[in-house]
Amino acid sequence: MELPDVENSIIDAFENHISDEEALHIEDGRSYSYAELDRLSKTLSRHIAHAMENLGVITSSKDTPTVTVVMERDVGIVVTFLAVLKAGAAYVPVDPTFPPQRQAYTMKKSNSVLLVVDETNLDHMRSLGVDMPPVLLIDSRLGVVSIKQPALYPLLQSDIAKVDIVLAEKRAAARSRFQGGLAYVIFTSGSTGDPKGCVAHHASAIMQIRAFGRELDVRRGATERILALATFSFDISVLETFLPLLHGCTMILAFATSQRDAFNLKEVGDKERVQVLQATPTTYDMLMAAGWKGRDDINLLVGGEAFRPSLYTLVR
C-alpha cells in the first residue's frame, strides 16, 4: 500500500521542534521546554530499550512490541509516551482511576513486554491479580527512572554508548516501516461488550494531527496553547497530546481534578489562556453552570456525546 507523504514517525515530527520553547505546562505552574522533554525521554528510552534487549524483544519484527503505561497525570506520562516511541515500541495507556476489572482486562489482553508504572500505582497494579510483564518504575512527577527501587536490568554508565548505538540502528532500520508501524493501542470503553484494543499507526495519527493543525491554524504566534483534559485511555487524548507537540506549541496538562470540577477547569482555562479545548457536551454544560461564557479567542471541540441545544449559545 502506498502511504501519503508524511513524516516517518511521531518522534520525527516532534524532534523537528527541539528548542527552548515551552512544550509542556502543568496545571500547577511547572513548565518544560522541548529540549527538556527530549532529554528526559531520550534517557528513559535507553532504559526501555536496554530492558527489551535483555528480555530478547526484537523491535524490528513485523509486530511492534507494546509497553503498558500506568501513571498519574504529570510530566512523567508524557515523557514515557515519547520514550516508548523512541525505543521503537507502541504504548498502551491504562487509566489508574478506571474500574479494577477493566484495568485487569487491559493488562491481560495487551500482551505488553513491559509495564512502566509510577510508585503511586505499583502496589495497585500488583493487586489486580493478573500476570504482569517486567516492571520499570518511573517517578511520574520528574519523568525519570525511580531510584527508590533497583531498575529493571540496571543501566550502567558503561552501557549507555552501546544502547545508543542499538537505538540508532533500530531507528534507522525502522524508518522505512514507521509509517505503517504501530504507535499506540487504546482499549475501548466496552459499553457494547468487552473492551477492544484499537491500534493506530504512525501515519494515520500524523495525518489526523496535521489535518486538525491546518483547520485550527496551530502554530507559534497563532493557536498555540492546547488543553489536555481527557483521560489518556481515550483516543482523543492523542490529539490533545500531539497536536501541540508536533506543531511546536504548548500542551497544557490538566490534573484529574479538573476533569471532575468545572470551577477548577474554568480557572485553568482562563488563567492559562487556553486556545483549544476539547470536551463532551456534559463537560461544557458543567462549565456553563459554573459561569463560564467562553471567549472569542478559543476553539471549542465537541465530541463523545450527541450535541445538544444547550451548547448553541456557547459555540455560535
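The lining of the second largest pocket in this predicted model comprises nine nonpolar, five polar and five charged residues. The space in this second largest pocket amounts to about 250 Å³. Its lining consists of 19 residues, and Met 71, Glu 72, Arg 73, Asp 95 and Pro 96 are the closest to the centre.

The largest pocket has a volume of about 600 Å³. Here 23 residues form the lining, and those nearest the centre are Ala 230, Thr 231, Phe 234, Ile 236 and Thr 280. Sorted by class, this lining holds ten nonpolar, ten polar and three charged residues. Two strands, E8 (182-187) and E12 (276-279), each contribute at least two residues to the lining of the largest pocket. Strand E8 gives the largest share, which is three residues. As for how such spaces are found, rolling a probe the size of a water molecule over the atoms shows where empty space is left.

The packing of helices comes next. Two packed helices are described by the angle between their axes and the distance between the axes. For helix H2 (residues 34-54) and helix H3 (residues 75-86), the axes come within 8 Å and cross at roughly 60 degrees. Because of that angle, H2 is oblique to H3. The handedness of the crossing between H2 and H3 is right-handed.

A second pair is formed by helix H7 (residues 202-216) and helix H8 (residues 236-245), whose axes come within 10 Å and cross at roughly 65 degrees. H7 and H8 are therefore roughly perpendicular to each other, since angles of 65 to 115 degrees are classed that way. The crossing of H7 and H8 is right-handed. Helix H8 covers residues 236-245, and Ile 236 is among the residues nearest the centre of the largest pocket.

Across the protein chain the mean pLDDT is 86, and 83% of the residues reach 70 or more. Confidence is highest in strand E11 (residues 250-253), at a mean of 98, and lowest in helix H6 (residues 157-178), at a mean of 60. Where pLDDT is low, the predicted coordinates should not be read in detail.

Methods:
Residues are numbered from 1 along each chain as its sequence is written. This is a predicted model: local features need pLDDT of at least 70, side-chain atom pairs count only at pLDDT 80 or more; totals for chains, interfaces and linings use all residues. Side-chain values use heavy atoms; hydrogens and water are left out. On a 1 Å grid over the protein atoms alone, a cavity is a set of points where a 1.4 Å probe fits but cannot get out, and a pocket is an open set with protein on both sides within 12 Å along at least five of seven lines; lining residues have an atom within 4 Å of a point. Grid points are joined across faces, edges and corners, and a volume is the space filled by probe spheres set on the points. Helices (H or I, at least four residues) and strands (E, at least two) are DSSP runs, numbered from the N terminus. Ala, Val, Leu, Ile, Met, Phe, Trp, Tyr, Cys and Pro count as nonpolar, Asp, Glu, Lys and Arg as charged, and the others, Gly among them, as polar. pLDDT is the predictor's confidence in each residue, from 0 to 100. Axes are lines fitted to C-alpha atoms, for helices over the stretch in contact, and angles run from 0 to 180 degrees between N-to-C directions. Angles under 35 degrees count as roughly parallel, over 145 as roughly antiparallel, 65 to 115 as roughly perpendicular and the rest as oblique. A crossing is left-handed if the near helix is turned anticlockwise from the far one by less than a right angle, and right-handed if clockwise.
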